[in-house]
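Take a look at the chain below.

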Amino acid sequence: MPQPADSGQRYVPGLDGLRAIAVLAVIAYHVGLGWAQGGLLGVGIFFTLSGYLITDLLMAHQAATGNLGLLSFWQRRARRLLPALFVMLAVVIGWVALLQRSPLPALRGAVAAAVGYVSNWWLIAHNASYFARFGPPSPLGHLWSLAVEEQFYLIWPWLILAGLMLTRRKNDAFRRRWFFRGSLVLAAVSAIAMALLYKPGFDPTRVYDGTDTRAFALLIGAALAFALPSRLMPAQAPRNGRLLLDSVGAAGLIVIAVLIWRTGQYSAFMYRGGLVLLALATGAVVLAAVAPAGRLGSVLGWAPLRWIGVRSYGIYLWHYPIIVLTTPADGQESFVRASLQVAASIGAAALSWRFVEEPIRHGAIGKWVRQLRPRAGYAAARGAWVAAGAGGGALLLTLAALAGVVPAASAGPAATAGSASVTGSAPPARASPSPAKAGAAAEQQVAARPGPVLKTSCRAVVHFGDSTSDGLVSAAYLPDRGERIWAQYADVGVRSTRFEIYGGTSIVETIRNEPSAYTVAQRLARAGYHGCWVFALGTNDTADLAVGSNVGLPARIHRMMSVIRGQPALWINVRSLLHAGPYAERNMLAWNAALLQACRRYPNMRVLNWAALVKPSWFIPDGIHYTSAGYARRSALIATALAKAFPQQPALDLLLTTAHHMLTAQVPSGCVVY
């Protein structure tokens, strides 16, 4: 909390130290420091701190003047928050418009939501997961938390005003006591809503971003302000009292540190009491920092921490777009890059504080307006005209970019990623980038064409796929019909192909009302389908498990193999270029290992080792999907692998391999194709 712009307000250096801890934790999380897997909890610290400060400020004004001073309160909030936000938005839009134009269309709605402080609900409505995404995140995704706070600033004063009117004949102690209880009741309702709405295995974005489900952190801070307002804190206290106060604050800091260290964004504990515990721990630290008699406030008020805390708003504003816009598409961070990103974030915040936030807090806009009047001299008005020109130019560029005057760069068909909503029993947080969906149960009867000598015994094939199969059947990716997967299947002797391709599908979970692969397979089996099965699945399954699904990888494979009852099955293993998040390569490796283990159990199963064949140059920037060249090679390799796995004339060595598998329970050498 910087030095108050208005006289009469008490400055508490320790609270700036707490702000510094919160923003540094958030940065540590966003640059991927392993010891700060719960660094996103720094946002919860901000919430509780804001709840305390805003409530304490309003009640202090009411005690001194007899009214809340709402108009002046909102004016101060606007001067404090809006200018820095607008500058950041203008710079980000300018950067994207000039250097990285492909994300520009998606940013238009995000900018409007940011200006209206409804980013959290905009993200929820558009199913834009804060946690699980394989494409580059939005540089404005972090503004959801500012929206929650601003909504609190707009709604909470009216509730306090209503409470004051209802208790207008009561004394201050009575009011504070009942306001304290009312705040705790509302906080309990919010916390219970979070616990009830949270579903293990689902993407938690709705619960994490919702104003209703996060309000308890602000309300716990508000309750503390009613119970122990700063204006009533004694300047002196007995030694035992000071020790108790500092011990409570130190315990709160320890709890915060442990939560940041040991919890993560997918931890069910966070949503079932962990965030409430964080708010209580933050309240303990706030109490110790605000109390003049305590010593913890002096420790937290250490000059370097205080310097960062004063600029924490700007650091929070700038760090995420800087990290997003300067991190490679594969999400891989390096120590040098992360260090430069942190330094740039702090530097941008320092400039924002020096030239935007601090001057405007102290009335710079009014001074500039007065200097622009005709009676003002040229020397006095020169600086104001320069500022007005720079601001106007930035505004015009921003509006031009948002209006589409600056065209968005095309990244080809694969760059049109969209997000999806969860409609089933576990946590898919994923998107399909393809502009052309294969659709459910798209069946084609094709005649075999002259092709390679190698043929398959599979006369009928059903191909299951997620968004990594979209391009195999899409004219947008493969204009040459002969390169598409159904033509490639025909070349190796397949006479009937059926495609069950859904961009967000997995074996267990459903998304956007699309059926799970297991459900579709059951339906086909019951309808009497008999033939070969190709499963190009697993990318979403690994991500679902990473965000909390309780169905393991071997169980998923077993479900599909149990449905087909011994019919030939070719699985395509997976690869990712990402190094972080649910779609990280380490998760894909776990799926690939599970496929090999399954070969011990199913002699009718083969695996195309796509992970060893695919080249990095075949991937589009999201690190999951492929270019047209990549899809052409994928199509040809899958068809050829089918012929190799299940040749037209089953050979004696295939029977021997199967017998060896049954006797030794080892992964048969013939299981892996290529």
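Start with Arg565, which is exposed, with a relative accessible area of 73%. Exposed means over 50% relative accessible area, buried means under 20%, and partly exposed lies in between (1.4 Å probe, protein chains only). Arg565 sits in the loop between α21 and β5. Its phi is positive, about 50°, although Arg565 is not a glycine. Most residues other than glycine have a negative phi.

Some ground rules come next. This is a predicted model, in which local features need pLDDT of at least 70, side-chain atom pairs count only at pLDDT 80 or more, and totals for chains, interfaces and linings use all residues. Residues are numbered from 1 along each chain as its sequence is written, and side-chain values use heavy atoms, with hydrogens and water left out.

Now move from Arg565 to His530. The two are 35 residues apart in sequence and 9.9 Å apart in space, C-alpha to C-alpha. His530 lies in the loop between α19 (517-526) and β4. Is His530 buried or exposed? His530 is exposed, at a relative accessible area of 64%. Leaving aside residues up to four places away in sequence, His530 touches Ala460 and Gln567. Contact here means heavy atoms within 4.5 Å.

Tyr117 is in the loop between α4 (104-115) and α5 (119-125). Tyr117 counts as buried, at 8% relative accessibility.

Step back to the whole chain. It holds 25 helices and seven strands. These are DSSP runs, numbered from the N terminus: helices are H or I with at least four residues, strands are E with at least two. Of the 674 residues, 53% count as buried. Take the contacts between residues at least 6 apart in sequence: 79% of them join residues at least 24 apart.

Next, follow strand β4 (residues 532-536). Five of its five residues are buried, so β4 is largely enclosed by the rest of the structure. In a regular strand the side chains alternate between the two faces of the sheet. In β4, Cys532, Val534 and Ala536 point one way, while Trp533 and Phe535 point the other way. Which strands pair with β4? Strand β2 (residues 460-465) runs parallel to β4, joined by five bridges. Strand β5 (residues 569-572) also pairs with β4 in the parallel sense, over three bridges. Pairing requires that DSSP finds at least two bridges between two strands. Gly465 stands opposite Ala536, and Val534 has Leu570 of β5 as its bridge partner.

Turn to the helices. Two packed helices are described by the angle between their axes and the distance between the axes. Helix α7 (residues 172-197) and helix α11 (residues 268-290) pack at about 155°, with axes 8 Å apart. The two are therefore roughly antiparallel to each other, a term for angles over 145 degrees. Ala191, Met194 and Ala195 of α7 meet Met270, Tyr271, Arg272, Leu275 and Val276 of α11. Axes are lines fitted to C-alpha atoms, for helices over the stretch in contact, and angles run from 0 to 180 degrees between N-to-C directions.

Finish at helix α14 (residues 312-326), which has 15 residues. Of these, 14 are buried, and the helix is mostly covered. Where does α14 kink? The kink, about 25°, lies at Trp318, shortly before the proline Pro321. The bend at a residue is the angle between axes fitted to the seven residues ending there and the seven starting there.

How values were computed
Expected span 1.5 Å × (residues − 1). Parallel < 35°, antiparallel > 145°, perpendicular 65-115°, else oblique.
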